[in-house]
Amino acid sequence: GLSFEYTKPVRDYLFDIVVKERNFGARPINRAIQNEIENKIADIYLEDDIEDGYVFKISVSKGEIVIK
């Protein structure tokens with residue numbers, strides 16, 4: 001399977017996106033995760049030769065999510 005590692009700034013970055021929409025339940029955080037992380041991982045997965053056991057490293061750099 002695939003694994004994910006992320007830093008505390010990633011959590012803070014996502015929180016900053018959804019804090020204004022907290023009255024809408026989990027939908028804003030789900031949408032932020034999809035837009036900021038899942039879509040980027042899907043692009044990487046389709047473009048690169050990702051092998052079983054790969055670890056995606058998620059961080060924040062220059063004000064945006066970076067995935068390696």
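Helices (H or I, at least four residues) and strands (E, at least two) are DSSP runs, numbered from the N terminus. The model shown is predicted; local features require pLDDT of at least 70, side-chain atom pairs count only at pLDDT 80 or more, and totals for chains, interfaces and linings use all residues. Residues are numbered from 1 along each chain as its sequence is written, and side-chain values use heavy atoms, with hydrogens and water left out.

**Figure 1. Overall arrangement of the protein.** Two helices and three strands make up the secondary structure, and the elements follow the order β-α-α-β-β from the N terminus. Along the principal axes, the C-alpha atoms fill a box of roughly 40 × 25 × 20 Å. Of the contacts (heavy atoms within 4.5 Å) with a separation of 6 or more, 55% are between residues 24 or more positions apart. The accessible surface, computed by the Shrake-Rupley method with a 1.4 Å probe, comes to about 5300 Å², and carbon and sulfur atoms contribute 50% of that area.

**Figure 2. The three-stranded sheet.** The strands form an open sheet in the order β1-β2-β3, with mixed pairing; two strands pair if DSSP finds at least two bridges between them. At the edges lie β1 (3-6) and β3 (64-67), each of which pairs on one side only. From one strand to the next, the twist averages 25°. Strand β2 (residues 55-61) runs parallel to β1, and four bridges join the two. Tyr6 stands opposite Ile58 of β2.

**Figure 3. Helices lying across the sheet.** Both angles given here are between N-to-C directions and run from 0 to 180 degrees, with axes fitted as lines to C-alpha atoms, for helices over the stretch in contact. Helix α1 (residues 8-18) lies across β1, β2 and β3 and runs at about 60° to β2. Helix α2 (residues 27-47) also lies across β1, β2 and β3, running at about 35° to β3.

Figure 4. The 21 residues of α2 reach 28 Å from the first C-alpha to the last, close to the 30 Å expected at 1.5 Å a residue; the expected span is 1.5 Å times one less than the number of residues. At Gln34, α2 bends by about 40°, the bend being the angle between axes fitted to the seven residues ending there and the seven starting there. Pro28, Ala32, Glu36, Ile37, Ile41 and Ile44 are the buried residues of α2, where buried denotes under 20% relative accessible area (1.4 Å probe, protein chains only). Their cover includes β1, α1, β2 and β3. In the protein, buried residues make up 22% of the 68 residues.

How values were computed:
Buried < 20%, exposed > 50% of the residue type's maximum accessible area, 1.4 Å probe, protein only.
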